[in-house]
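Morning, everyone. Please bring up the sequence and the model, and we'll walk through them together.

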Amino acid sequence: MTSSTLDQIRAASPLVHCITNYVTVNDVANVLLAIGARPIMADDPEEVEEITALCAGLCLNIGTLNARTIPSMLSAGKRARALGHPVVLDPVGAGASRLRTETALRILHEVRPTVIRGNISEIRTLAVGSGTTQGVDADAADAVTEENLAATADFLRAFAARAEAIVVVTGAIDIMTDGVTVYTVRNGRPEMGLVTGTGCQLSALLAAALAVEPLGLLAAVAETVALMDVAGEIAWAQMGERDGNATYRTCIIDSIYRMTAEELAARMNITKL
């Protein structure tokens, strides 16, 4: 998101189609409303192409795969790309099971998503065609650190170039590349990991941002990641002594609702490697 993309989303109110997982679908819908976009969740094979054609962006999240949604994701993704609409792939748990890994790879190869966003273990799985994750969480051995940041950047840059997509890895240090340029984001709170679905929400926000930002896509992605992280910082500062992760989840969404482009620009910590 450039400094004005947040305002552009609120002015354009793009319709974003999400075929996402049932664990976080309500939060995904609410975070899109918070940023000023309009969510629609349609996953029946009989209507996904028609719904996708109405929308400005598509988010595909494999968190709760089943035999019905896999063909829906493929059909919607192909329709969106044929129309020139951005597609975000969130390969939740790729590497945890054969079904997840194979489905994520099918979407990668058949849909050719605009953005692939996941944790480092999920992205490594897609990059090499196999891998392991701790359920839907990154393997601690894969974590991006200051010590391995340069090597990780090279690995992701090569994968992004092959996939012809922007690749985004979120974690303690967020890193993203279009195959040439690499950005890092150093915002956020570790407590965001206690809230189920912050990654799912971010993937949907990326679809909304790309829907109104046809140029400067990598910068839009970097600043959208920073938006989510800054919201986590602001929300944590508002937590009371007896508040827990349910309150934190709500405060994150509220912080996005109240965010201004000026506040985001003042707080975000984005570095070009």
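Predicted model: local features only at pLDDT ≥ 70, side-chain atom pairs only at ≥ 80, totals over all residues.

One definition before we start: two strands count as paired if DSSP finds at least two bridges between them. With that in hand, look at β6 and β7. They form a hairpin, with four residues between them. Their pairing is antiparallel, over three bridges.

Strand β4, residues 87-90, runs parallel to β5, and two bridges join them. Leucine 89 stands opposite isoleucine 116 in β5. On to β5 and β6. They are parallel too, joined by four bridges. There, glycine 118 has valine 169 of β6 as its bridge partner.

Stay on β6 for the side chains. Which way do they point? Ile166 and Val168 go one way, Val167 and Val169 go the other, and all are buried.

Now the annotated spot. Where does UniProt place its "binding site" feature? The record, an unreviewed entry, puts it at Arg117 and Thr170.

Take arginine 117 first. It lies in strand β5, residues 115-118. Is it buried or exposed? Its relative accessible area is 6%, and the cut-off for buried is under 20%, so arginine 117 counts as buried. Beyond its close sequence neighbours, its contacts include Leu89, Asp90 and Pro91. Arginine 117 also touches Gly199, Cys200, Leu202, Ser203 and Leu206, among others.

Now threonine 170. It sits in the loop between β6, residues 166-169, and β7, residues 174-177. Leaving aside neighbours within four places in sequence, threonine 170 is in contact with Arg117, Gly118, Asn119, Leu202 and Val225. What joins the side chains of threonine 170 and arginine 117? A polar contact of 2.6 Å.

Asn119 takes us to the next helix. Asparagine 119 caps the N-terminal end of α6, with a side-chain oxygen 3.1 Å from the backbone nitrogen of serine 121. Helix α6 covers residues 120-128. How many of its nine residues are buried? Seven, so the helix is mostly covered. They are Ile120, Ser121, Glu122, Ile123, Thr125, Leu126 and Ala127. What do they pack against? The list is β4, α5 (98-111), β5, α7 (149-163) and β6. Just after the helix, glycine 129 takes a positive phi of about 90°.

Over to a helix pair. Helix α1, residues 5-12, packs with helix α8, residues 198-212. The angle is about 85°, and the axes are 9 Å apart. That makes α1 roughly perpendicular to α8. From α1, Thr5, Gln8, Ile9 and Ala12 make the contact; from α8, Ala208, Ala209 and Val212 do.

Two more residues, then I'm done. Alanine 231 lies in helix α9, residues 217-237. Its relative accessibility is 0%, so alanine 231 counts as buried. Away from its sequence neighbours, alanine 231 is in contact with Ile252, Ser255, Ile256 and Met259. Aspartate 254 is 23 residues from alanine 231 in sequence, and 8.4 Å away in space, C-alpha to C-alpha.

Last one: threonine 64. Find it in the loop between β3, residues 57-61, and α4, residues 69-82. Why does threonine 64 count as buried? Because its relative accessibility is 18%, and the cut-off is under 20%. A polar atom of its side chain lies 3.2 Å from the backbone nitrogen of tyrosine 22. Beyond four places in sequence, threonine 64 is in contact with Thr20, Asn21, Tyr22, Val23 and Thr69.

That's the tour.

Note on methods: Residues numbered from 1 in each chain as written. Heavy atoms only, no water. UniProt positions renumbered as here; feature names shortened; annotations may be inferred. Buried < 20%, exposed > 50% of the residue type's maximum accessible area, 1.4 Å probe, protein only. Contact = heavy atoms within 4.5 Å. Polar contact = N/O pair within 3.5 Å; in protein donor to acceptor, adjacent residues only side chain to side chain. Axes fitted to C-alpha atoms, helices over the stretch in contact; angles between N-to-C directions. Parallel < 35°, antiparallel > 145°, perpendicular 65-115°, else oblique.
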